[in-house]
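Have the model open beside you as you read.

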Amino acid sequence: MSERFSSGDRRIDAVLGGGLPANAVNMIIGLPGSGKTILAEQFMFHNASPQRPGMYLSTVSEPLEKILRYGERLSFFDPEAIGTSVFFDDLGDTLNDGGLSDVLGRIRTLITDRQPGVIVIDSFKALSAYAPNLQAFRHFLQELAGILTALPTTTFWVGEYASEEIATAPEFAVADGIIALTTRREAERAIRHLEVLKLRGTGFMSGEHTYRISHDGLHVFPRLAESLPVENYALQPERMSSGIAAIDEMLADGYWPGASTMIAGPSGSGKTLMGLHFIFNGAATGQTGVIATLQENSTQLDRIVAGFGWSLADDSVELMYRSPVDLYLDEWFYELLEAIDRTDARRVFIDSLGDLRRAAVDELRFREYLYSLLQRCANRQISVMMSQEVTALFGISHISEDGISHLSDNVILLQFVHRNAQLRRAVTVLKTRASRHDPDVREFRITPQGIVLDDPGSNASS
């Protein structure tokens with residue numbers, strides 16, 4: 001395998017197939033505000049050393065002082081490296097006074113003096129305006145590429161290019177790698193995407209990968225479907241309890257380890273409570289569980305669980321609450337996977353799928369991510385329970401508008417029924433994969449002990 005040039009971030013490197021090929025010419029493109037400069041600086045500060053320093057050359061797009069002022073706010077920006085491992089220079093005066101030919105001479109001098117291992121030119125697009133014609137700019141590109149490719153140096157050309165310019169601007173043909181940063185409005189939110197458009201001679205993760213910008217730089221969330229492991233795994237023969245004895249009987253002694261279960265029902269039917277039974281029953285038997293909720297925050301949920309004799313302070317229970325406002329679906333899934341790894345969780349409760357679906361905007365992407373998550377958990381024999389709200393209070397005719405119930409191994413329906421001028425709750429096991437189940441409709445009550453099913457002889461009626 002050829003030498004790779006790391007970003008210092010494992011997820012960015014994963015998208016790039018292990019990092020960029022070393023000693024190549026790369027372009028980072030995107031409209032203003034997309035994070036191009038930040039990503040280039042991430043690469044530079046991570047790889048620069050006194051022996052092979054980084055050289056950041058600004059042109060005429062932004063003043064060098066402004067680049068430095070904003071760069072100092074980033075956690076990876078090391079002030080002590082300036083002047084030893086990292087050098088910032090301004091090509092603006094050289095460009096204005098002598099044009100592209102003087103810029104070539106200035107770059108040659110800087111390379112000879114500093115022997116850099118990484119060079120960033122920002123903005124590269126601004127250089128084309130100083131060529132009298134396209135032929136002259138092509139000649140400049142040829143000479144510059146000859147200088148850079150003759151050295152063991154990784155180069156970044158940063159510019160405010162639009163996607164349609166890729167087919168017409170000659171610099172894209174010279175580049176070995178092209179990384180595009182875009183921002184697209186989805187419903188009421190702006191979602192950032194990173195996409196590798198070209199990486200000469202090596203593989204990479206295709207498609208759009210969402211990212212956020214923070215003081216640590218770019219946080220990229222690779223598409224889960226791109227890295228889904230395909231492998232055989234051993235199945236555990238022992239069943240695991242739902243935490244409700246009567247439900248276990250309806251499921252033929254509980255759930256299979258690694259199975260996914262959808263709890264569907266209208267608001268107030270007991271979906272969250274059934275998920276809490278599942279998590280706290282596991283905690284009582286030494287199995288760590290993660291409650292991934294977009295419904296109640298920690299204060300609200302702590303009050304709920306305390307009413308049934310449980311506590312979120314239990315060492316075997318991890319709470320991951322995220323507000324559904326400004327939620328990145330990709331980021332949420334990665335945070336959940338990290339929580340599972342950190343706690344070695346064996347049970348997961350997601351409350352609810354509806355909130356996740358609304359955050360996704362794109363239905364295909366939502367299904368793709370959910371399938372990838374469930375497959376990863378199944379491979380590791382981690383059991384997942386998910387709540388799904390249905391709009392109908394009575395006479396439920398379908399479970400999900402998105403057709404995702406087939407992804408679940410088990411489907412349990414909670415609903416309201418009329419009995420003797422009273423509104424009662426009832427549960428039905430609609431589906432169990434690779435297992436028998438009791439299809440009866442069973443009424444239940446919510447008590448201080450949680451969900452308690454009535455005797456089988458008490459048949460529900462509509």
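**Charges, a bent helix and rings**

You're looking at a predicted model, where local features need pLDDT of at least 70, side-chain atom pairs count only at pLDDT 80 or more, and totals for chains, interfaces and linings use all residues. Residues are numbered from 1 along each chain as its sequence is written, and side-chain values use heavy atoms, leaving out hydrogens and water. Helices (H or I, at least four residues) and strands (E, at least two) are DSSP runs, numbered from the N terminus.

**Salt bridges**

- Side chains of opposite charge can pair when their charged atoms come close.
- The whole structure has 23 salt bridges, each being a side-chain nitrogen of Lys or Arg within 4 Å of a carboxyl oxygen of Asp or Glu.
- R200 pairs with D176 in one of these, at 2.8 Å from N to O. That ties together distant parts of the chain, 24 residues apart: R200 is in the loop between β9 (189-199) and β10 (209-214), while D176 is in the loop between α6 and β8 (177-186).
- R184 and E208 make another salt bridge, 3.0 Å from N to O. R184 belongs to strand β8 and E208 to the loop between β9 and β10, so to speak two distant parts of the chain, 24 residues apart. Both ends are partly exposed, with R184 at 35% and E208 at 25%.
- K125 and E165 form a salt bridge too, with their closest N and O atoms 3.1 Å apart. K125 sits in the loop between β6 (118-122) and α5 (134-149), and E165 in the loop between β7 (154-159) and α6 (171-174), 40 residues apart.
- For a network of salt bridges, look at R419, R424, E443, R445 and D454, which are linked in one.

**Helix α4**

- How many Å does helix α4 (residues 92-114) span between its end C-alpha atoms? It's only 20 Å, whereas a straight helix of 23 residues would span 33 Å; that expected span is 1.5 Å times one less than the number of residues.
- α4 bends by about 130 degrees at G98, the bend being the angle between axes fitted to the seven residues ending there and the seven starting there.
- Buried residues in α4 include L95, L100, V103 and I107. Among the elements covering the buried residues are β4 (54-58), β5 (86-90), β6 and α5, where contact means heavy atoms within 4.5 Å.
- Just past α4, Q115 has a positive phi of about 50 degrees.

**Aromatic rings**

- There are 16 aromatic pairs in the whole structure. Rings of Phe, Tyr and Trp (its six-membered ring) pair if their centres lie within 6.5 Å, and planes under 30 degrees apart count as stacked, over 60 as edge-to-face and the rest as tilted.
- Y255 and F278 are edge-to-face because their planes are at 90 degrees, with ring centres 5.8 Å apart. Y255 is buried at 3% relative accessibility, and F278 is buried at 2%.
- F45, Y56, F76, F77 and F88 form one aromatic cluster.
- The charged end of R347 sits over the ring of F278, 4.7 Å from its centre. For that label, NZ of Lys or CZ of Arg must be within 6 Å of the ring centre and within 35 degrees of the ring normal.

Conventions. Buried < 20%, exposed > 50% of the residue type's maximum accessible area, 1.4 Å probe, protein only.
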